[in-house]
Amino acid sequence: MIPVGSTSAETEMSDQNIHNAGFTSSGIKGESLASSLMGHEAKASGGGVHSGGPTSSLQEMGARGSAHSSGFTNSGISAGSQASEMMSKEAKSHGGGIPRGGTTSTIQSISMGGKGGRH
């Protein structure tokens, strides 16, 4: 299902951007933005990446090609989507704002072709 106002090309682009970053159906591609993000996240958390964090969430979306259908689109987060729910929960847990480098902002940045705000 393509959200209202989205085109098939936008659907393909957000999922393609995540794949291009190195989050693939066969795992995280070496020497990629994905492997760099995983390394930074593991170092910051004392040696591993947490379920529900940026790396694991992006890897799941990359493996399934589900970024756009989750509401992370090339033109922003879709209202009423899983992504908007994630954003609301993250904002509430941080006193009303979305932190740079947080899960929502990292996924949205990479789905739009960015670097995730960590580099």
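User: At what angle do helix 5 and helix 6 pack, and how far apart are their axes?

Analyst: They pack at about 140°, with the axes 9 Å apart. Bear in mind that this is a predicted model: local features need pLDDT of at least 70, side-chain atom pairs count only at pLDDT 80 or more, and totals for chains, interfaces and linings use all residues. Residues are numbered from 1 along each chain as its sequence is written, and side-chain values use heavy atoms, leaving out hydrogens and water.

User: What makes helix 5 oblique to helix 6?

Analyst: Axes are lines fitted to C-alpha atoms, for helices over the stretch in contact, and angles run from 0 to 180 degrees between N-to-C directions. Under 35 degrees counts as roughly parallel, over 145 as roughly antiparallel, 65 to 115 as roughly perpendicular, and the rest as oblique. The angle here is about 140°, which makes helix 5 oblique to helix 6. Met 86, Met 87 and Glu 90 of helix 5 make the contact with Thr 103, Thr 104 and Ile 107 of helix 6 (contact means heavy atoms within 4.5 Å).

User: Why are helix 2 and helix 3 called roughly antiparallel?

Analyst: The axes of helix 2 (residues 33-44) and helix 3 (residues 54-64) cross at roughly 150° and come within 9 Å. That angle falls in the antiparallel class, and therefore the two helices are roughly antiparallel to each other. Where they meet, Leu 37, Met 38 and Glu 41 in helix 2 touch Pro 54, Thr 55 and Leu 58 in helix 3.

User: How do you know whether Gln 59 is buried or exposed?

Analyst: Check its relative accessible area: under 20% is buried, over 50% exposed, and in between partly exposed (1.4 Å probe, protein chains only). Gln 59 comes out at 16%, and therefore counts as buried. Gln 59 is in helix 3, and it touches Phe 23, Thr 24, Gly 27 and Ile 28, leaving aside residues up to four places away in sequence. Other buried residues of helix 3 include Met 61 and Gly 62.

User: And what makes Glu 31 count as exposed or buried?

Analyst: Its relative accessibility is 84%, which means Glu 31 counts as exposed. Glu 31 sits in the loop between strand 2 (27-28) and helix 2. Its phi is positive, about 55°, although it isn't a glycine. Most residues other than glycine have a negative phi.

User: Which residues of helix 5 are buried, and what puts them on the same side?

Analyst: Ala 83, Ser 84, Glu 90 and Ala 91 are the buried ones. They cover an arc of only 125° around the axis, which puts them on the same side of helix 5; the arc is taken from the directions from the helix axis to the C-beta atoms. Helix 4 (67-70) and helix 6 (103-111) are among the elements covering them. The face turned away carries the exposed Gln 82, Lys 89, Lys 92 and Ser 93.

User: How does the reach of helix 5 compare with what is expected?

Analyst: Helix 5 has 12 residues and reaches 17 Å from its first C-alpha to its last, close to the expected 16 Å. The expected span is 1.5 Å times one less than the number of residues. Just after helix 5, Gly 95 takes a positive phi of about 75°.

User: How many helices and strands does the protein come to?

Analyst: Six helices and four strands. Each is a DSSP run numbered from the N terminus: helices are H or I with at least four residues, strands E with at least two. Of the protein's 119 residues, 39% count as buried.
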